[in-house]
Amino acid sequence: MTGYVLGLAALAVSGAWVWWQAEPEARGTEVNALWARHQWVGERHTEEEYRTLGALLRQNRITDVYFHAGPFEADGSVPPHKYRNAGDLVKAMRRHAPGVRVQAYLGQIRKVDGRGLTDLDVPRVRDRVLETDRIFLDLGFDGIHYDFEPIYPDDMAFLTLLDRTRELTRSRGRLLSVAIEQPTLVDAFQPVYRALIPRGHGARPVHYPPRPTAKYLRALADRVDQVAVMTYDVSLPTESLAGWHFAHHTEQVLRLIGDRTTVFMGVPTYRPLMPWAEKLKVALKGVRRGIDELERKPRKPFGVGIYAEWTTDASEWAHYRSLWLPSRSDNLHD
């Protein structure tokens, strides 16, 4: 029996290796996002620092930047000292990166089954979150980007918050975006997970993985302008397996919601658990392979989201430009 299992594993690994060798045909897109560090919102910067950031965004055709502006407190607020530079940042981006959408990246550990901090099931907490959103929109941000974790596929309170937030952002002519974990591999396992495995932050070492089902992912997509999928943290030991991961989720996500909303597939430049396998070049190739697997391109814009601005070095930006960005004459959304 052991030999049989090992044989199947060897076949899977070798099959992934063979599949991985072909170069993808798809090129990248002109719509791409970047998660940026909190210091841009929380600390003063020189005009030259803003100019350098703007040049980086323009050179790499970044259309959306999620500037970390939180995290929320347990009651849904953000203390003013944490975003004391937010107004100056927005003005500087208008000068040095006109056309780039500057979004306030706000989130917290979502309280689930008694674990976590911010309890979105409580109406007054959701009300306070919306009050905080208004502050950032008043400061000139182009949108609100939520990153609450963990979000499970029965989280109706989060959908309620999205409904109310979109009413706010649409009334201001702004955007609502959300970061969410990669989808489940098998939706049918969810009732089993919930019945047998603890949920929430700190439910370790074995916990119910907070992955959206197809139904929940579509429900999210119908409530927001952008979905950024946190496809990273792969923990697979070879480039071919990690690449398959990015390809599979790209094809799955774009097929499920690519006609409903703008999608960014998250790709890593930080140092993950298995950095020899999970790296930017592998992720970008995997995303392109996933696009190749589609029967047709999505109707809505799509691209990648780079995590993160503070971990991406010059060589990685060069790889991104050469492996992902299309020539100016290409257009993947015709």
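Colleague: What is the relative accessible area of valine 41?
Modeller: Valine 41 lies in helix H2, residues 39-42 (helices are DSSP runs of H or I with at least four residues, strands runs of E with at least two, numbered from the N terminus). Buried means under 20% relative accessible area, exposed over 50%, and partly exposed in between, with a 1.4 Å probe and protein chains only. Valine 41 is buried, because its relative accessible area is 0%.

Colleague: In this predicted model, which pLDDT do side-chain atom pairs need to count?
Modeller: Residues are numbered from 1 along each chain as its sequence is written, and side-chain values use heavy atoms, with hydrogens and water left out. The model is predicted: totals for chains, interfaces and linings use all residues, local features need pLDDT of at least 70, and side-chain atom pairs count only at pLDDT 80 or more.

Colleague: Which side chain of opposite charge is nearest to glutamate 278?
Modeller: Glutamate 278 sits in the loop between strand S7 (262-268) and helix H10 (280-292). Its side chain reaches the backbone nitrogen of aspartate 233 at 2.8 Å and that of valine 234 at 2.9 Å. Glutamate 278 is buried yet has no salt bridge (a side-chain nitrogen of Lys or Arg within 4 Å of a carboxyl oxygen of Asp or Glu). With Lys and Arg counted as positive, Asp and Glu as negative, and His and the chain ends left out, the nearest side chain of opposite charge, 9.9 Å away, is arginine 271.

Colleague: How many residues apart are glutamate 309 and arginine 37?
Modeller: Their side chains meet in a salt bridge, at 2.2 Å from N to O. Glutamate 309 counts as buried because its relative accessibility is 10%, whereas arginine 37 is partly exposed at 24%. Glutamate 309 is in the loop between strand S8 (302-307) and helix H11 (314-323), and arginine 37 in the loop between strand S1 (33-36) and H2, so far as sequence goes a separation of 272 residues.

Colleague: What separates arginine 51 and glutamate 48 in helix H3?
Modeller: The two side chains meet in a salt bridge, 2.7 Å from N to O. Arginine 51 is partly exposed at 39%, and glutamate 48 is partly exposed at 46%. Because they are three residues apart in H3 (residues 47-59), they are separated by about one helical turn.

Colleague: How many salt bridges does a search of the whole structure find?
Modeller: Another pair is glutamate 239 and lysine 279, with the closest N and O atoms 3.0 Å apart. Glutamate 239 lies in helix H9 and lysine 279 in the loop between S7 and H10, so this pair ties together parts 40 residues apart in sequence. The search of the whole structure gives a count of 28.

Definitions and conventions:
Polar contact = N/O pair within 3.5 Å; in protein donor to acceptor, adjacent residues only side chain to side chain.
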